[in-house]
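Biologist: Please take me through this structure, one topic at a time.

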Amino acid sequence: MEDCIFCKIIKGEIPSFKVYEDDQVLAFMDINPISPGHALIIPKNHAANLAEISDGDLSAVHRASKKVMGGIEKALKASGVACVQLNGKGVNQVVMHYHLHLIPKVPGGPDLPVSTWEIIPGDMDEINATAEKISAALKNG
Ligand code: 5GP
Ligand code: ZN
């Protein structure tokens, strides 16, 4: 896609720090890292989000994430890696080309905002009503 920054990275029109590549995916470092080692994995075929990406590309991205996570853990002695993927402006997706963030917790690195939210018990009736709404939506296609 012409104006897509990640398509430009795939084509080599914008530089990136690549860590892994195969026929279907590219992994490279995020230039605004939440923690040292913050990497992104993207499909080479443009798709804006989880709704658009093909099953094959989705599988390729997530298979690659196992490899890249292993590299991050080994290289940086990470004690954990958060895999985060945003869909839509409402959850602050900024680049509209599917990407999986791999964000490690490294020794001496910051605690990750994506994995340190406060646990607040929910209302079970409300949770159940919401679950029923979602499963009905799924049944109705
Ligand atoms: P999201 O869309 O999930 O909010 O995040 C987009 C991510 O892409 C951000 O973490 C941002 O730092 C990263 N990003 C935006 N532009 C570039 C770029 O030109 N190169 C690289 N490597 N990362 C980018
Ligand atoms: Zn793109």
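Biologist: Which residue in S2 stands opposite Lys 18?

Modeller: Phe 28 stands opposite Lys 18. This is a predicted model, in which local features need pLDDT of at least 70 and side-chain atom pairs count only at pLDDT 80 or more, while totals for chains, interfaces and linings use all residues. Residues are numbered from 1 along each chain as its sequence is written, chains are lettered from A and ligands numbered from 1 in the order in which they are written, and side-chain values use heavy atoms, with hydrogens and water left out.

Biologist: In which sense do S1 and S2 pair, parallel or antiparallel?

Modeller: Strand S1 (residues 18-21) and strand S2 (residues 25-29) are antiparallel and share three bridges; two strands pair if DSSP finds at least two bridges between them.

Biologist: How many residues of S3 are buried?

Modeller: Five of the five residues in S3 (residues 39-43) are buried, where buried means under 20% relative accessible area, exposed over 50% and partly exposed in between, with a 1.4 Å probe and protein chains only. Ala 39, Ile 41 and Pro 43 point one way, Leu 40 and Ile 42 the other, and all are buried. Over the 141 residues of the protein, buried residues make up 33%.

Biologist: New topic: how many aromatic pairs does a search of the whole structure find?

Modeller: The search finds one aromatic pair. The ring centres of Phe 6 and Phe 28 are 5.4 Å apart and the planes are at 80°, so this pair is edge-to-face. The two residues are 22 apart in the chain and link distant parts of it, Phe 6 being in helix H1 (residues 5-11) and Phe 28 in strand S2. Rings of Phe, Tyr and Trp (its six-membered ring) pair if their centres lie within 6.5 Å; planes under 30 degrees apart count as stacked, over 60 as edge-to-face and the rest as tilted.

Biologist: Now the ligand. Which residues are closest to ligand 1?

Modeller: Asp 30, Asn 32, Val 94, His 99 and His 101 are the closest of the 16 residues that surround ligand 1; a residue is counted if one of its heavy atoms lies within 4 Å.

Biologist: What lies 2.7 Å from an N or O atom in the side chain of Asn 32?

Modeller: An oxygen atom of ligand 1 does. An oxygen atom of the ligand is also 2.7 Å from a side-chain N or O atom of His 101, and one lies 3.0 Å from a backbone N or O atom of Val 95.

Biologist: His 101 interests me. Which side chain does it join in a polar contact of 2.8 Å?

Modeller: The partner is the side chain of His 38. A polar contact is a pair of N or O atoms within 3.5 Å; within protein, one must be able to donate a hydrogen and the other to accept it, and residues adjacent in sequence count only if both atoms are side-chain atoms. His 101 lies in strand S5 (residues 100-105) and is buried, with a relative accessible area of 13%. Beyond its neighbours within four places in sequence, His 101 is in contact (heavy atoms within 4.5 Å) with residues including Asp 30, His 38 and Cys 83.

Biologist: And where is Ile 72?

Modeller: Ile 72 is in helix H2 (residues 55-76) and is buried, at 9% relative accessible area. Its C-alpha atom is separated by 6.5 Å from that of Gly 37, 35 residues apart along the chain.

Biologist: Lastly, which residue caps the N-terminal end of H3?

Modeller: Asp 123 does, with a side-chain oxygen 3.0 Å from the backbone nitrogen of Asp 125. Gly 141, with a positive phi near 70°, follows H3.

Note on methods
Helix = DSSP H or I, 4+ residues; strand = E, 2+ residues; numbered from the N terminus.
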